[in-house]
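The sequence and the coordinates are shown first for reference.

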Amino acid sequence: MNQRVVIVTGAASGNGLAIASRQLAAGDFVVAFDLSAQCLAECEAGNWAAHRGAVLAVAGDVSNEADIQRLVDQALSVHGRIDVLINNAGITGSQAATDVHTTSVEEFDRVMAINVRGVFLGCRAVLPHMLGRRAGVILNIASVASFVAFPKRAAYTTSKGAVVQLTRSIAVDYARSGIRCNALCPGMIETPMTQWRLDQPDLRAQVLSRIPQNEIGTPGDVAAAAEFLVSDNARYVNGAALVMDGGLTAA
Ligand SMILES: NC(=O)c1ccc[n+]([C@@H]2O[C@H](COP(=O)([O-])OP(=O)(O)OC[C@H]3O[C@@H](n4cnc5c(N)ncnc54)[C@H](O)[C@@H]3O)[C@@H](O)[C@H]2O)c1
């Protein structure tokens, strides 16, 4: 089996946890990065217990350049190579980050730092290594908010739009060097990020009413699409932004 080395950021919860778990089940080595060392340890003892030798957990902040360099250095010192980077860590911002004139500058900067700077730093840190090998795959988890504005989520919507354009820039600049870069754009997925909203029956019904498929997506759906995009089956998919939203943005 071709055991690849896959970095997943935000790996200790929701979509990132499902992505990391699916890549482990496929036989890959996963370098799991998250802010929370404790949540990573819980995943190692729980979801990933059967894959003990295949997980390298690294705690840190995607928006911190030194933390990202440490992540890449540790992955290379343990495995000698990085085949795939999945930039998944992201936040929606606090409930105070709503429309533009009421969003504080600090909150806007925080959302952009994690959702955009974090993706930039991850890509920037792995690309020299991928260039040296003339191979590598990057997947950035964006959102349907890359294309349509979520009401009163200006910072998040802005950040996810930027992730798609960053993805396209990387695809264009590095395709000739054997590197692919795509974005995955989920609609509403049931994770700790969205749980507070989906736990309220009226809000869940409101969300469902806008989704033609009449169902909320699961982290497993995201992980399945991610597995395809980072696989050789997607070898000709480059610079794409794959929307997976139960028909939400088609309506
Ligand atoms: N849930 C959805 O409906 C949905 C839809 C579209 C896109 N997304 C995107 O999917 C990604 C994952 O979201 P989720 O729903 O699984 O959220 P989540 O809150 O369940 O998980 C996010 C994980 O990222 C980690 N994280 C947060 N900030 C970090 C930082 N600065 N450095 C390192 N790790 C950090 C958290 O600790 C957490 O483990 C995000 O980029 C999100 O924008 C989610």
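1. Basis of the note. The model is predicted, so local features are reported at pLDDT of at least 70 and side-chain atom pairs at pLDDT 80 or more, whereas totals for chains, interfaces and linings use all residues. Residue numbers start from 1 along each chain as its sequence is written. Helices (H or I, at least four residues) and strands (E, at least two) are DSSP runs, numbered from the N terminus.

2. The sheet. Seven strands form an open sheet with parallel pairing, in the order β3-β2-β1-β4-β5-β6-β7. β3 (55–59) and β7 (241–244) are the edge strands; each has a single partner strand, so one side of each has no neighbour in the sheet. On average, neighbouring strands are turned by 15 degrees against each other, direction ignored. Two strands are taken as paired if DSSP finds at least two bridges between them. Axes are lines fitted to C-alpha atoms, for helices over the stretch in contact, and angles run from 0 to 180 degrees between N-to-C directions.

3. Strand β5. Six of the six residues of β5 are buried, so the strand is largely enclosed by the rest of the structure. A residue is called buried if 20 or more other C-beta atoms lie within 10 Å of its own, exposed if 12 or fewer, and partly exposed in between, with C-beta atoms placed from the backbone. G136, I138 and N140 point one way from β5, while V137, L139 and I141 point the other way. On one side, β5 is joined to β4 by four bridges in the parallel sense, and I86 has L139 as its bridge partner in β5.

4. Strand β6. β5 (residues 136–141) also pairs with β6 (residues 179–186), in the parallel sense and over six bridges. Within this pairing, G136 stands opposite I179, and I138 has C181 as its bridge partner. For β6, eight of the eight residues are buried, so this strand too is largely enclosed by the rest of the structure. I179, C181, A183 and C185 point one way from β6, and R180, N182, L184 and P186 the other way.

5. Helices on the sheet. Helix α3 (residues 65–79) lies across β1 (5–9), β2 (29–34) and β3, and runs at about 155 degrees to β3. Helix α8 (residues 219–230) packs on the sheet and touches β4 (84–87), β5, β6 and β7; its direction makes about 160 degrees with that of β6. Contact is taken between two residues whose C-beta atoms, placed from the backbone, lie within 7 Å.

6. Geometry and burial of α8. The 12 residues of α8 should span 16 Å at 1.5 Å a residue, and the end C-alpha atoms are 16 Å apart, which agrees. The expected span is 1.5 Å times one less than the number of residues. The buried residues of α8 are P219, V222, A223, A225, A226, E227, L229 and V230. Their cover includes α1, β4, β5, β6 and β7.

7. The ligand shell. How many residues surround the ligand? There are 28, the closest being G10, S13, G14, G90 and M193; a residue is near the ligand if its C-beta atom, placed from the backbone, lies within 6 Å of it. Helix α1 (residues 14–25) supplies the largest share, three residues. By class, the shell has 13 nonpolar, 13 polar and two charged residues. Here Ala, Val, Leu, Ile, Met, Phe, Trp, Tyr, Cys and Pro count as nonpolar, Asp, Glu, Lys and Arg as charged, and the others, Gly among them, as polar.

8. Positive phi values. Phi of K152, a residue other than glycine, is near 60 degrees. K152 lies in the loop between β5 and α5 (154–174) and is partly exposed, with 14 C-beta neighbours inside 10 Å. Phi of N214 is also near 60 degrees. N214 is in the loop between α7 (201–209) and α8 and counts as exposed, with 10 C-beta neighbours inside 10 Å.

9. Residue E107. E107 lies in helix α4 (residues 105–133) and is partly exposed, with 17 other C-beta atoms within 10 Å. Leaving aside residues up to four places away in sequence, E107 touches G93, S94, A96, A97 and A155. E107 and A155 are 48 residues apart in sequence and 8.1 Å apart in space, C-alpha to C-alpha.
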